[in-house]
Amino acid sequence: MPFAALDKKRKLLETIIPPGICLESIRMIVLAKLLLRERWRELKLHGGWLCHAGAGLVFILLSGALSHHAAIYMKQASAGQTAVFLTAVWTGWVLFAALTGKDLSWRINRKRLRILPSSGFNRLYALTFLLGFFSFPLLFSLCVVQFWMNLKTGPSISGFLTAAAGHFFFAATVLLSASMLRLAVCGCKLQQRSSKAIFAISLIGIGGSILISMAYSNARMLHPGHLLSLLISGEACLIPLACLSAWFLFLFMVDVRIQRDITYSELGHQHAPESCVLSKESLLLFHPEWPSPIFRIGVLGWLRSRSALWLFIWGTAFSFLWTYYSKPGDGYYFIAFIWMNLLFHSYLRGNLLGVDRSAAWIYYMFPCRIEYPLSSKSWSLSLLQATMIASLMAAGLLQVHSVIDPAAWGWIASYAVSAILCGEILGLSLSIKFPEAVDWTSQFDGGMTVGALIVPVIHIVFLLLFIPATAYLRQIHTASMYWTFLLFVPLLLLIARSGVLKSWIHTAMLRDMEIILKKLEG
Amino acid sequence: MIVSVSVTDLSKAYGKSLALNGVSFRIESGSVYGLIGPNGAGKTTSLAILAGLIKPDSGSAWILGKRVKAGCSELRSKVGFSSPQFPLFDYLTGFEMLSTFGLMHGLPSGQVRERSKDLLELMDLQAAAGQYISHYSQGMRHKLGLACALIHSPDVLLLDEPFLGLDPASNLRLACVLQTAAGKGQTIILSSHNMAIVERLCHRAGILHKGVLKREIVLESKNTPHLSSRLSTEHTAGLEKAFWKTVGSPEMNIPDWI
């Protein structure tokens, strides 16, 4: 902003508000404009306007489709049923954000802003928190809530404002709760004793409220999901809004305190204990020919990224335990679970070089074909996914092997292998086209890559093609044809992945070398 | 004299800004060539083109008789590259990073272990060998990057600002390593703002300015005593003498394989 224009605005503002506050306001406005401009340039670098127009279109179409189906069901839904649904959304959103580091908002690294002449941490926090709502998914969910409110109470200005406030408080409680859980997941250390105490109490409070709301129906009354359902069903307005804002205020104050401590300390990093040196040494140097060092550092990279590690632990343990104790009766359960496991990894799959950031130049210096490192990274992620699926299948084989026939197990295995290979093909192409730096040490690694949006959509399309095709073959054709199809699909994908794609990756990685490295600079 | 590195009419533009404009030079085997020039003169771009990390808009670069092309894996095993502008995998420990480089260059695991330990000691990074690179300071990262470039004893070393941010002991140790490597026939191209080191270490220096190689200077004969002899009191004076007296002379155990 030109200084003359800034001075003019300042003088104008000083006639209305006191000079001290005026200066702070101008600083905040300038900072907000700076951050928004930076965000826009970053988006342009990573996808261009066509990509973001595409993403916007996908969200509008999704919003339309969801609204249409929601209208059919929600008209009949009671406030109680809506409350159950919204409570589940709240819990799922918090857990997803805590595990993946993606809470669907725009996360701004406050440590980077410390150097600016900002006016205190509280204002900086408030500004970055509010800017966090400028993200596609949060704006999309606001549209859905507005639609919902209109459906229940009819269009009105007060209804619009209530729904907007309800959405803000609901989403804010998710973001703040996720922020605290994420701190615990990342193992960040706080400096001050009081912050540690507040953090521990808040964590217990959040965890307790999730568990209590899941276990006791009466306790759900104070859950943000239940409060939002009361708001949008029009049953009550003031009390739910007051309770939601109280929730928000409490979490906001706690998070401000904790984030101040984290922002002005350098303890967010992770240390490798000295005692690990030997084991790590042997991991790389033990039998060095196979698997290749690139594959091994690929696995290490995933396991050292907190998000990928927690997803892996959660996916493996949850798949096994849930299946073992729920004793599912048919193959569709397994297909759905495999799909869900693969979906969680979408943002890693679609951005394989993200964790390497600009160090990806090293791959261009290794004396091997350039497609090999990327391919190895992809296989290393597939290994983690296969382990998660194996734990699911192991629980199934232990519990329900007699209920599900061999043909169904073949069907499940064929889907699992095909879906992993489908993810590989997509992931490799998207990782070259839309790479984005991921800060594996940060509390939140920011943004949403294009790959994270496209991979789930293609997984849904693949599922919608695979299930009807196999069902048709099983009913109409012979067993031999059915089994041939189950073998043919993964084989075809394997050929596509190893043969056709290999030469494309080689050409694309060399052709776009400078663009890839530039995008990965972060 | 055998020419190891040859650059002919190299040009590169970033948008409208011309980083290199028709740069040409030739470097003989076993010599140290210094690229000097102000910030933005095109030093890093020249070295990155030679490393195959940036494609030139026109002109050609040749190393050991082979044309440098992005993706030419044959040449990569003969070249070592380091630059503070090109970071390392920060989710690995220092030891793992070095081992990965060694293994990727086809060294047997025993040799990788041995050389990694030698280099970590040489760069004074033994204590941090088991720490993630994300926790390294800028200087430590830089030293590790240099070690990665050295581990496979490449025929040609391309070093961008190798002395940037190094403490005096590391500075001297690195200079000795480079002098030893050149003495054994390795060709070294380095860029630096430190004129004293370039003058002491290089056989020739090229002055780059606004993407143009303005001048090439042949520096005095390098039959001078080894740089490690600078630690002896008769060669040092003033502040440097006081410094070494206070902190103690650094160990100069340069491994035989370098």
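Eight bridges link β1(B) with strand β2 (residues 17–28) of chain B, and the two run antiparallel. Strands here are DSSP runs of E of at least two residues, helices are runs of H or I of at least four, and both are numbered from the N terminus. Two strands count as paired if DSSP finds at least two bridges between them. The model is predicted: local features need pLDDT of at least 70, side-chain atom pairs count only at pLDDT 80 or more, and totals for chains, interfaces and linings use all residues. Residues are numbered from 1 along each chain as its sequence is written, chains are lettered from A and ligands numbered from 1 in the order in which they are written, and side-chain values use heavy atoms, with hydrogens and water left out.

Leu10(B) faces Val23(B) of β2(B). The hairpin has two residues between its strands, and Gly15(B) adopts a positive phi near 65 degrees.

Strands of a sheet pair through backbone hydrogen bonds, either parallel or antiparallel. β1(B) also runs antiparallel to strand β4 (residues 58–63) of chain B, joined by five bridges. Ser11(B) has Ser58(B) as its bridge partner in β4(B).

Ser6(B) sits in strand β1 (residues 3–14) of chain B. Its relative accessible area is 14%, so Ser6(B) is buried. Buried means under 20% relative accessible area, exposed means over 50%, and partly exposed lies in between (1.4 Å probe, protein chains only). Beyond neighbours within four places in sequence, Ser6(B) contacts Phe25(B), Arg26(B), Ser60(B), Ala61(B) and Trp62(B). A contact is a pair of heavy atoms within 4.5 Å.

## The six-stranded sheet

Chain B has an open sheet of six strands with mixed pairing, in the order β6-β7-β8-β3-β9-β10. Strands β6 (79–82) and β10 (212–218) of chain B are its edges, each pairing on one side only. From one strand to the next, the twist averages 15 degrees. Axes are lines fitted to C-alpha atoms, for helices over the stretch in contact, and angles run from 0 to 180 degrees between N-to-C directions.

Strand β3 (residues 32–36) and strand β9 (residues 204–209) of chain B pair in the parallel sense, over four bridges. Tyr33(B) has Arg204(B) as its bridge partner in β9(B). For Leu35(B), the partner in β9(B) is Gly206(B). Gly206(B) in turn stands opposite Glu216(B) of β10(B). β9(B) and β10(B) run antiparallel, joined by six bridges. They form a hairpin with two residues between them, and Lys210(B) in the turn has a positive phi of about 50 degrees.

## Helices on the sheets

Helix α1 (residues 43–50) of chain B lies across β3, β6, β7 (156–160), β8 (187–191) and β9 of chain B, at about 150 degrees to β7(B). Helix α6 (residues 168–183) of chain B also packs on this sheet. α6(B) touches β3, β7 and β8 of chain B, and its direction makes about 145 degrees with that of β8(B).

## Nonpolar cores

A nonpolar core is a set of buried Ala, Val, Leu, Ile, Met, Phe, Trp, Tyr and Cys residues joined through side-chain atoms within 4.5 Å. The largest has 122 residues, and Met97(B), Ile189(B) and Leu190(B) touch the most other members. Not counting residues up to four places away in sequence, Met97(B) touches Ile362(A), Leu88(B), Phe89(B), Leu92(B), Ile133(B), Leu144(B) and Cys148(B). A second, separate core of 40 residues includes Leu86(A), Val94(A), Phe121(A) and Ile262(A).

## Chain A

Chain A has 21 helices and zero strands. It has 522 residues, of which 51% count as buried. Of its contacts with a separation of 6 or more, 81% join residues 24 or more positions apart. Chain A exposes about 24300 Å², with carbon and sulfur atoms supplying 73% of it. Accessible areas come from the Shrake-Rupley method with a 1.4 Å probe; for residues, only the protein chains shown count as cover.

Helix α7 (residues 157–186) of chain A has 30 residues and should span 44 Å at 1.5 Å a residue. The expected span is 1.5 Å times one less than the number of residues. The end C-alpha atoms of α7(A) are 42 Å apart, which agrees.
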